[in-house]
Amino acid sequence: MNETIYALASGAGRAGIAVWRLSGPGSADALRALTGRDLPPPRRAVRAVLTSDDGDPIDDGLALWFPAPASFTGEDVVELHLHGGRAVAQALGQALGGLGLRPAEPGEFSRRAFANGKIDLTHAEAIADLVAAETAAQRRQALRQMDGALAVLIEDWRRRLVSILARLEAAIDFAEEDLPPSLIELTRTEAAALAADLATHLADHRRGEILRDGLHITLLGAPNAGKSSLLNRLAGREAAIVSAEAGTTRDVIEVHLDLGGWPAILADTAGLREAEGQIEAEGVRRALARAGAADLKLAVFDAALVPVLDDSTREVIDDSTLVVLNKRDLAHAPLPATVAGRPAIAVSAKTGDGLDQLVGWIEGEVQQHFAVGPAPVLTRARHRAAAEAAFVALSGFDPSVDLGLAAESLRAAATALGRITGRVETDEVLGAIFAEFCIGK
């Protein structure tokens, strides 16, 4: 990493202020060349008039100098706070390129921070999650992870593994010595306790991942039950075509919602019925597939048809389903409080009656089943895969059979956990992680 990189760290496009970041061994010389002055005091913003090598003025702004290792990347870093115009950006880019600096790749600043021991992978991923956060709950989760809550948990697990392994290797290396008989049994007890802790975190219904990626909610029901109208009401816009003609919705239509701080992806699907053609049949197949993968389902019935309820929709009701009786303004009979053992709420997508109660109801279900508590959670599929690998390795731990194999199980578990924080990693995986970052991070 001998190259010096630069990037616009704030958003692209016209703005009042644009923040540029430089990192690498040439940062100090670049700042001297741009300002024609010596370096300012570390970590203090000073006014700086920037000019190109031919004396052409670039901008009048602020400069900050962060000498290594007390910087985000652990390298010499310069920040320039300039005006956010296109001409300024173009002139500065040309000047920096002329000084031998190159544009940074996505996530390259964070990757250098990781390589220099300033952050671990969970911290780096939290930065990306915070930048991408769209709801308050996502922001809070990213901040908890960036503060090191998940890293502390993983490192505690690793520390316990190392402690167990140390006792086991003592029994192997000093087999001729008079070691306490309880030593082996102690390793078994501690390994079982650690496996139980891993199992508890793995059995969390993917709460952290769902909060990060979004809760998937699927609307299901017969044609003309009002699913598309309901989707439009909840989205606050005309996202789906609404028509009295049955079978209008053929493919899955998605909208993104904020449900009490939870990001949700609400999907409208084709009506459930005996399809009249190949295209509609494919739509029904996709609806059922989407239902199978959903975190929560809304089974929508036409309240005007009560007491008759669509059998195809009744068949998809399970413990993850909320029943919605739509078109309550057209109902001719008393509406049931439950359907197929699940509570039902009556609404009218046309008038908006009952929509606030429905949203509150959904938020309550989300909080009950998916809420994230103060304890750190696994937030990515790779975290879960590594924790599962560690749990499998610990499940095979049996010192009574062979001490060498038992020790290898502990090493495999420690290696798996090390992949979460980056203690054990490959360049290929690192590339995949940092590639999702925006330019400037």
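The side chains of Arg 380 and Asp 129 meet in a salt bridge, with 2.8 Å from N to O. A salt bridge here is a side-chain nitrogen of Lys or Arg within 4 Å of a carboxyl oxygen of Asp or Glu. Arg 380 sits in the loop between α12 and α13, while Asp 129 belongs to helix α4 (residues 121–132), so the pair links parts of the chain 251 residues apart. Helices (H or I, at least four residues) and strands (E, at least two) are DSSP runs, numbered from the N terminus. Arg 380 is buried, with a relative accessible area of 7%, and Asp 129 is buried too, at 13%. Buried means under 20% relative accessible area, exposed means over 50%, and partly exposed lies in between (1.4 Å probe, protein chains only).

This is a predicted model, in which local features need pLDDT of at least 70, side-chain atom pairs count only at pLDDT 80 or more, and totals for chains, interfaces and linings use all residues. Residues are numbered from 1 along each chain as its sequence is written, and side-chain values use heavy atoms, with hydrogens and water left out.

The structure holds 27 salt bridges. One of them joins Glu 3 and Arg 102 (2.9 Å, N to O). Glu 3 lies in the segment before β1 (5–8) and Arg 102 in strand β6 (residues 102–103), so this pair ties together parts 99 residues apart in sequence. Glu 3 counts as partly exposed at 45% relative accessibility, and Arg 102 counts as partly exposed at 21%. Another salt bridge is formed by Glu 209 and Arg 206 (4.0 Å, N to O). Here Glu 209 is buried at 5% relative accessibility, whereas Arg 206 is partly exposed at 36%. Salt bridges that share partners also join Glu 125, Asp 129, Arg 212, Asp 213, Arg 380 and Arg 382 into one network.

The axes of α13 (residues 381–395) and α14 (residues 403–421) come within 8 Å and cross at roughly 170°. Axes are lines fitted to C-alpha atoms, for helices over the stretch in contact, and angles run from 0 to 180 degrees between N-to-C directions. The crossing makes α13 roughly antiparallel to α14, a label for angles over 145 degrees. Contact means heavy atoms within 4.5 Å. Among the residues making it are Arg 382, Ala 386 and Leu 394 of α13 and Leu 410, Ala 413 and Ile 420 of α14. The residues of this contact divide into 12 nonpolar, 2 polar and 2 charged. Ala, Val, Leu, Ile, Met, Phe, Trp, Tyr, Cys and Pro count as nonpolar, Asp, Glu, Lys and Arg as charged, and the others, Gly among them, as polar.

Next come the nonpolar cores. A nonpolar core is a set of buried Ala, Val, Leu, Ile, Met, Phe, Trp, Tyr and Cys residues joined through side-chain atoms within 4.5 Å. The largest has 30 residues, and those with the most contacts inside it are Ile 217, Leu 230, Leu 266, Val 324, Leu 358 and Ile 362. Elements giving two or more residues include β7 (215–221), α9 (227–235) and α12 (355–370). The largest share, 6 residues, comes from α12. Leaving aside neighbours within four places in sequence, Val 324 is in contact with residues including Leu 230, Val 300 and Leu 358. A second, separate core of 28 residues includes Ile 154, Phe 397, Ala 407 and Ile 420.

Definitions and conventions. Parallel < 35°, antiparallel > 145°, perpendicular 65-115°, else oblique.
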